[in-house]
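Please read them alongside the model.

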Amino acid sequence: MGACLALGSLASCASCLCGSASCLLSSCCPSTTNSTVSRLAFSFLLLLGTLVSVIMILPGMEGHLKQIPGFCLGGTSIPGLENKVNCDVIVGYKSVYRMCFAMACFFFLFSIIMIRVRNSKDPRAAIQNGFWFFKFLLLVGIAVGAFFIPDGTFNTVWYYFGMVGSFFFIITQLILLVDFAHSWNQSWLLKAEEGNSKCWFAALLSFTLFFYALAFSAVVLFYVFYIQPDDCTEHKVFISLNLIFCIIVSIVAILPKVQEAQPTSGLLQASFISCYTMYVTWSAMTNNPNRQCNPSLLSLVQTVTATPAPGPAPTQTPGSVQWWDAQSIVGLIIFLFCTLYASIRSSTNTQVNKLMRTEDSQALTDYSSTTGEDGVRRAVDNEEEAVTYNYSFFHFSLLLASLYIMMTLTNWYMPDIDYQTMQSTMPAVWVKISSSWLGLLIYLWTLVAPVVLSNRDFS
């Protein structure tokens with residue numbers, strides 16, 4: 001039902017988003033009917049920027065651009081026309097840094113503007129839910145300006161911003177996955193109560209066993225490929241600790257007192273989170289600069305240690321940063337899923353709603369459908385009394401997502417001193433692994449909070 005209502009809301013504004021210019025210049029889609037559409041539209045802008053970043057980091061892109069007559073410095077020239085574009089900046093990791101910098105600035109601006117918007121009566125709600133043409137132009141303008149930023153220390157400084165932002169976004173992803181698993185478990189339990197309980201319980205059990213088997217298989221592979229008998233102490237600690245932590249949260253999830261306080265809590269959520277934790281562990285280990293402990297470390301590290309040829313250091317091609325390795329592809333898939341889910345989520349999990357700064361959507365959303373002149377039944381989101389999600393926090397989450405995409409596409413590699421090559425660093429490893437620990441701690445708190453704070457209302 002919730003998905004149908006969300007699609008109905010999307011359809012109700014499709015004509016506005018794709019309509020005439022006069023419609024684009026105003027908030028013609030009432031803010032009471034497009035809270036979901038607004039989130040989807042902002043997420044689309046994020047995904048559009050991500051697509052541009054992916055295209056710009058594709059291998060060989062610089063070579064293709066240099067074939068355009070009169071475009072790139074050092075490329076094919078046209079008599080009487082001077083090549084002025086530095087294609088080394090508009091492709092490769094530098095372009096990813098600048099595009100994601102533009103997206104981060106865009107979402108930071110809206111995060112500031114939307115602070116303390118309480119309901120649709122606030123004039124700023126019209127900015128949130130309309131003026132999409134101007135928003136697109138603003139993002140394009142910031143992106144164009146970002147490519148004129150001189151190298152200097154920008155790349156290194158922005159790398160550290162990306163690490164910090166990605167740390168928090170990994171935690172945000174885990175919270176969204178907890179919420180998704182909770183909603184999934186709750187939905188299937190309700191279906192089991194309505195009828196054919198054996199079938200639904202068997203399905204829940206099957207997926208739970210599958211996720212645990214996947215997590216356990218990952219642990220075995222980690223011990224086989226990512227540790228050495230006399231080396232890789234950090235990896236041994238990471239794998240062992242996260243395995244122990246996953247076992248602990250799984251046991252806590254089915255404790256009688258936890259089950260009494262949260263009847264829908266179970267092993268499905270714990271198994272789902274265990275899989276994600278193992279992915280983050282894997283992602284962290286692939287950034288270890290010690291090649292003995294990292295069989296998937298890319299050849300880029302070899303170019304850093306190789307003896308340079310006489311003369312100026314050669315510019316590395318975009319293909320040097322192979323963003324398409326396995327863990328990056330998995331990271332992009334998880335990112336896309338979480339971004340879409342964050343745009344359409346309608347959660348009843350109180351603990352997650354508090355962590356994500358959202359309200360109980362069932363209480364604040366009027367799902368009484370209305371019939372338009374065309375006979376189509378549509379859902380109406382009632383935000384006259386209170387918004388259904390925190391506008392400012394939503395934009396802040398997209399800001400963190402922009403930084404996470406930047407780090408994922410560049411494999412968390414750090415530009416070296418002369419900005420000609422990139423290299424893996426241990427800080428990236430510790431950022432990822434510590435985020436997995438903090439994420440597990442947050443999940444554990446969502447389980448025990450109703451038990452520890454029994455005098456608080458978590459219903």
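1. Burial is used throughout, so its cut-offs come first: a residue is buried under 20% relative accessible area, exposed over 50% and partly exposed in between, with a 1.4 Å probe and protein chains only. By that rule C246 is buried, because its relative accessibility is 5%.

2. The model is predicted: local features need pLDDT of at least 70, side-chain atom pairs count only at pLDDT 80 or more, and totals for chains, interfaces and linings use all residues. Residues are numbered from 1 along each chain as its sequence is written, and side-chain values use heavy atoms, with hydrogens and water left out.

3. A disulfide here is a pair of cysteine sulfur atoms within 2.5 Å. The count comes to one disulfide. C232 and C293 form it, with their sulfur atoms 2.0 Å apart. The torsion about the S-S bond is about -100°, so the disulfide is left-handed. It links distant parts of the chain, 61 residues apart: C232 is in the loop between α10 (197-225) and α11 (233-253), and C293 in the loop between α13 (267-285) and α14 (300-305). Helices are DSSP runs (H or I, at least four residues), numbered from the N terminus. Both cysteines, C232 and C293, are buried.

4. C246 is in no disulfide; its nearest cysteine sulfur belongs to C275, 8.8 Å away. C275 is likewise in no disulfide, with the sulfur of C246 as its nearest, at 8.8 Å. With a relative accessible area of 15%, C275 is buried.

5. Rings of Phe, Tyr and Trp (its six-membered ring) pair if their centres lie within 6.5 Å; planes under 30 degrees apart count as stacked, over 60 as edge-to-face and the rest as tilted. The whole structure holds 29 aromatic pairs. One of them joins F42 and W132, edge-to-face at 4.9 Å centre to centre and 65° between the planes. F42 lies in helix α3 (residues 35-56) and W132 in helix α8 (residues 132-146), so this pair ties together parts 90 residues apart in sequence. F42 is buried at 0% relative accessible area, and W132 is buried at 14%.

6. The rings of F101 and F154 are edge-to-face, because their centres are 5.4 Å apart and their planes at 85°. F101 is in helix α6 (residues 92-113) and F154 in helix α9 (residues 154-194), so the pair ties together parts 53 residues apart in sequence.

7. Ring pairs also link F180, W184, W188, W200, F207, F210, F211 and F272 into a cluster.

Key. Helix = DSSP H or I, 4+ residues; strand = E, 2+ residues; numbered from the N terminus.
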